[in-house]
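This report describes selected features of one protein model. Please study the sequence and the structure shown below before reading the sections that follow.

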Amino acid sequence: MMRKLLMLFCLLSPLAWGSEQDARHLGELSSHSRLLCASAMVYFNPEEREPDPRALKATFYHLNTLNRLIVQLGNPESLQRPARAMEKLFNTLDNLPRDQASRFPELVGQLLEQERGLEQAAQALSANMKQDLAGDPGAPFNAQSQALASVLLDYQLRAYPLPNKLDFALPEAQAAGLDADIEQRFDQLLAGHPEHAEVLGKARTNYRFVRAQLQQGGGRTHGGAEFYLSRAADDLDELAATLN
């Protein structure tokens, strides 16, 4: 009987009971999956003759971070599957010579499809957690990170030459609401956590530095926006990981 119970225990998902750490890893995963696609659109843009190599480095960093987070979550197959597909697509993109850059949008579109699947799997795992995580002190910081990643992804997507970009872009009203939510959450976080004012202030400054550019949009993807918002999102997730 004890052996059967042990086997059942081993077969259960490590997320079955849930924990604040699991929730934070899932939040980070959502941020980095969006940031990965945003960085990929900057570098693998067929309209860029000399793309910024920092965007390639950032894409690789986000991909490695996704793999690390999935390991920390216990390697659930529902997360591994889309992550493996994203890694395969990244390798295909990275190995394509620039004279075949016309293939970039098709592959980036597939990358976005897999990213959507990864997020859906992460949301399903989060919903299945048994423990009530509403009081997790890191949750608002993770939520702000995800919001910044969403704004950046939407901005890069609207400038990227993808035929079906509206399948992935945020509706205009939702994008405008997201900006208001970001500003309001920064107010709340600064008021509630003055001890973290340095990190929060830097993240807010980064957001405001590119905010006008994000709202105006543009005709091309932009590495500057990617740099500032990726840094802000990363800092917020790192801060969330330290809270008890």
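## Helix 7 and helix 8

The axes of helix 7 and helix 8 (residues 197–216) cross at roughly 165° and come within 11 Å. Because an angle over 145 degrees counts as roughly antiparallel, helix 7 is roughly antiparallel to helix 8. The crossing of helix 7 and helix 8 is left-handed. These values, like those in the sections below, were computed from a predicted model.

## Helix 2 and helix 3

A second pair of helices is formed by helix 2 (residues 20–43) and helix 3 (residues 53–72), which pack with their axes 8 Å apart. The angle between helix 2 and helix 3 is about 155°, so helix 2 is roughly antiparallel to helix 3. The crossing of helix 2 and helix 3 is left-handed.

Which classes of residue make up the contact of helix 2 with helix 3? The contact has 15 nonpolar residues, together with eight polar and two charged residues.

## Aromatic pairs

A pair of aromatic rings is described by two quantities, the distance of the centres and the angle of the planes. The structure holds six aromatic pairs. One of them joins phenylalanine 44 and phenylalanine 90. The ring centres of phenylalanine 44 and phenylalanine 90 are 6.3 Å apart and the ring planes stand at 75°, so the pair is edge-to-face; the cut-off for this class is an angle over 60 degrees.

Where in the chain do phenylalanine 44 and phenylalanine 90 lie? Phenylalanine 44 is in the loop between helix 2 and helix 3, while phenylalanine 90 belongs to helix 4 (residues 77–95).

## The largest pocket

The largest pocket holds about 450 Å³ of space. Its lining consists of 19 residues. Those nearest the centre of the largest pocket are Arg34, Glu119, Ser150, Leu153 and Leu170.

Which helices supply at least two residues each of the lining of the largest pocket? They are helix 5 (104–127), helix 6 (139–159) and helix 7 (172–192). Helix 5 gives the most to this lining, with six residues. By class, the lining of the largest pocket divides into eight nonpolar, four polar and seven charged residues.

Notes. Residues numbered from 1 in each chain as written. Predicted model: local features only at pLDDT ≥ 70, side-chain atom pairs only at ≥ 80, totals over all residues. Heavy atoms only, no water. 1 Å grid on protein atoms, 1.4 Å probe; cavity = no way out; pocket = protein on both sides within 12 Å on 5 of 7 lines; lining within 4 Å. Points joined across faces, edges and corners; volume = space filled by probe spheres on them. Helix = DSSP H or I, 4+ residues; strand = E, 2+ residues; numbered from the N terminus. Nonpolar A, V, L, I, M, F, W, Y, C, P; charged D, E, K, R; others polar. Axes fitted to C-alpha atoms, helices over the stretch in contact; angles between N-to-C directions. Parallel < 35°, antiparallel > 145°, perpendicular 65-115°, else oblique. Left-handed = near helix turned anticlockwise from the far one by under 90°. Phe/Tyr/Trp six-rings, centres within 6.5 Å; stacked < 30°, edge-to-face > 60°.
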